[in-house]
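Trainee: I have a structure open and want to learn how to read it. Where do I begin?

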Amino acid sequence: MVVKQKGYLGNQNLKEAGIDIQFTEEQVVEYMKCAKDPVYFIEKYIKVVSLDEGLVPFKLYDFQEDMVQTVHENRFTIAKLPRQSGKSTTMVAYLLHYTLFNQNMNVAILANKQAVAKDILSRLQLTYEYLPLWLQQGIVEWNKASIKLENGSRIIASSTSSSAIRGGSYNAILLDEFAHVPTNIAEEFFNSVYPTISAGQETKVIMISTPNGLNMFYYYWKGATKKLGEDGKNDYIPIEVSWDQVPQYPGGPLRDEKWKEETIANTSAEQFQQEFICDFLGSQNTLISSAKLRVLNWATPKTKDADGLWIYEEPKEDRDYFITVDTSRGQGKDYSAFVVIDATEMPYKMVARYRNNTISPMVYPTVIRAVAMRYNNAGVLIEINDIGGQVADILHQDLEYENVMMTTYKGRAGQVMSGGFGGRSSQSQLGVRTTMPVKKLGCSILKSLIEEDKLLVEDVDTINELITFIAKKNSFEADDGHTDDLVMSLVLFAWMTRQDYFKSLTDADIRTQIYEEKIRDIEDELMPFGFIADEAEEGEWDGEDRWFSM
């Protein structure tokens, strides 16, 4: 027998806190079944709004059942789904089960915009209102941004930001449409929140989105556990759904080939590819092609220190190493960064990198020297546009590191690289000034090196910078909210490879090697057609053409 109550704030559909309900035997059995099986609970008791039919029971599609079970059984889940696939509604239903049948659970619903997060919470609240009172927990708090239940569980809605849930302790976090959160905000969020998440033994992170280019969501998706049969680089379990797995959005048309053709006609093939086929289409104006960026893989460093030095390959004897250096002022904004490249042979390989945005320019040369000496007294080329000139002087004069590359102005030829020997003249300088011609040539060569697999880069931060290194005006630079310090170090290395001094040290001409390989590829493609022999020079022609295979 249910004790009569006025309902929370007069709403008869919401159970007040402190109201006791006498369960029947059937309700006890049913309650236990619901607690154990979220799919059963959702399909029997959750109602959703259909555009045509109004409030209807939530009948899960097969992929939605799989989503619920995967999220229920795992701590970290990442789901890549098409538009209008009911992904948010499915997660709302699961989170409702999670908070009803567990005590003292704090849940955060985060979206790219606060209004979107509040809309998701409002759907959860609507669903809650239509639950039988004997399944409900008493309401303690109920507003547009949060609800709190009598069992101690609480759900809040907010935008995804570094301060959204700072200082709180959360058992489950739903990151809705995470691909649409700007990368700089997404990075700040994880730097701020992840320590709180990882502190628990059963905390959950549910990341769901439709792809939106190559960004943080792409980074986590590509590293997801056992994706495509490979070992994962993180602990996220991937869920992938395509448009044809969604038979029909509630109240919408049947999704078949005809619907696909109409959708493409009304939008574009590219938009359908991204929003329904869920392809990670990168920015169309990145230096490196989107096709190449999608296949770049990152490796786990052999060693990492707190200052930002990541080593992927220890130095080896008889190898030629070069270090190219980008310098910042160490004020917590741009990074001081350098890369270590093994240039002994093709393909070149990035074997170490350093990145730190707080190191003083006075201390930075000491770090460069230590790493350079470790890597067989590597040649060091320093960008000297700003504070970098001071770094070059300290490294060469105060720390007496001799293998600092110099450049000399040669009129129309611009800056030409030389070794750090013999002193300086009025036309020479330690390091290189990144002028427009230097950057233009460096970007052009870097594009060829990476896309032709002549330079192997397996550092995740460098790859992330390449993803956001885009055309602006007449040059390339980091997109708004991003950095490009590691990429600019690679640009300097690429420029270096075209210098005669570098070729004399490594005996390698990049342009010639790439050109010769392209010619060989063209010849290989033409081989099946053969060539016509001019028999007028060989002897008497009998009037018939002859073909000879090569």
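The dialogue below goes through helix packing, sheets and a pocket.

Mentor: Keep in mind that this is a predicted model.

Trainee: How do I read two packed helices?

Mentor: Two packed helices are described by the angle between their axes and the distance between the axes. Take helix α13 (residues 436-451) and helix α15 (residues 485-496). Their axes are 7 Å apart, and the packing angle is about 90°. An angle of 65 to 115 degrees counts as roughly perpendicular, so α13 is roughly perpendicular to α15.

Trainee: Which residues make the contact between α13 and α15?

Mentor: From α13 come Val 438, Lys 439, Leu 441, Gly 442, Cys 443, Ile 445, Leu 446 and Leu 449. From α15 come Val 487, Met 488, Leu 490, Val 491, Ala 494 and Trp 495. Sorted by class, this contact has 12 nonpolar, 1 polar and 1 charged residues.

Trainee: At what angle do the axes of α2 and α3 cross?

Mentor: Roughly 135°, for helix α2 (residues 38-45) and helix α3 (residues 62-73). Their axes come within 9 Å. These two helices are therefore oblique to each other. On the α2 side, the contact uses Pro 38, Val 39, Ile 42 and Glu 43. On the α3 side, it uses Glu 65, Val 68, Gln 69 and His 72. The classes here are 4 nonpolar, 2 polar and 2 charged residues.

Trainee: Now sheets. What should I look for?

Mentor: Strands of a sheet pair through backbone hydrogen bonds, either parallel or antiparallel.

Trainee: How many bridges join β6 and β7?

Mentor: Strand β6 (residues 146-149) and strand β7 (residues 154-159) pair over 3 bridges, in the antiparallel sense. Find Ser 146, and you will see Ile 156 of β7 opposite.

Trainee: What is the strand order in the sheet of 3 strands?

Mentor: β18-β17-β19, in an open sheet with antiparallel pairing. The edges are β18 (415-418) and β19 (428-430). Here the twist averages 30° from one strand to the next. Strand β17 (residues 406-409) and β19 share 3 bridges. Met 406 has Leu 430 in β19 as its bridge partner.

Trainee: Last topic: how do I describe a pocket?

Mentor: Give its volume, its lining and the classes of its residues. The largest pocket holds about 1300 Å³ of space. There are 39 lining residues, and the closest to the centre are Asn 191, Met 216, Tyr 219, Asp 461 and Asn 464.

Trainee: Which element gives the most to that lining?

Mentor: α6 does, with 7 residues. Elements that each supply at least two residues are α6 (183-198), α7 (216-222), β15 (348-356) and α14 (460-467). By class, the lining divides into 16 nonpolar, 13 polar and 10 charged residues.

Key. Residues numbered from 1 in each chain as written. Predicted model: local features only at pLDDT ≥ 70, side-chain atom pairs only at ≥ 80, totals over all residues. Heavy atoms only, no water. Axes fitted to C-alpha atoms, helices over the stretch in contact; angles between N-to-C directions. Helix = DSSP H or I, 4+ residues; strand = E, 2+ residues; numbered from the N terminus. Parallel < 35°, antiparallel > 145°, perpendicular 65-115°, else oblique. Contact = heavy atoms within 4.5 Å. Nonpolar A, V, L, I, M, F, W, Y, C, P; charged D, E, K, R; others polar. Pairing = 2+ DSSP bridges. 1 Å grid on protein atoms, 1.4 Å probe; cavity = no way out; pocket = protein on both sides within 12 Å on 5 of 7 lines; lining within 4 Å. Points joined across faces, edges and corners; volume = space filled by probe spheres on them.
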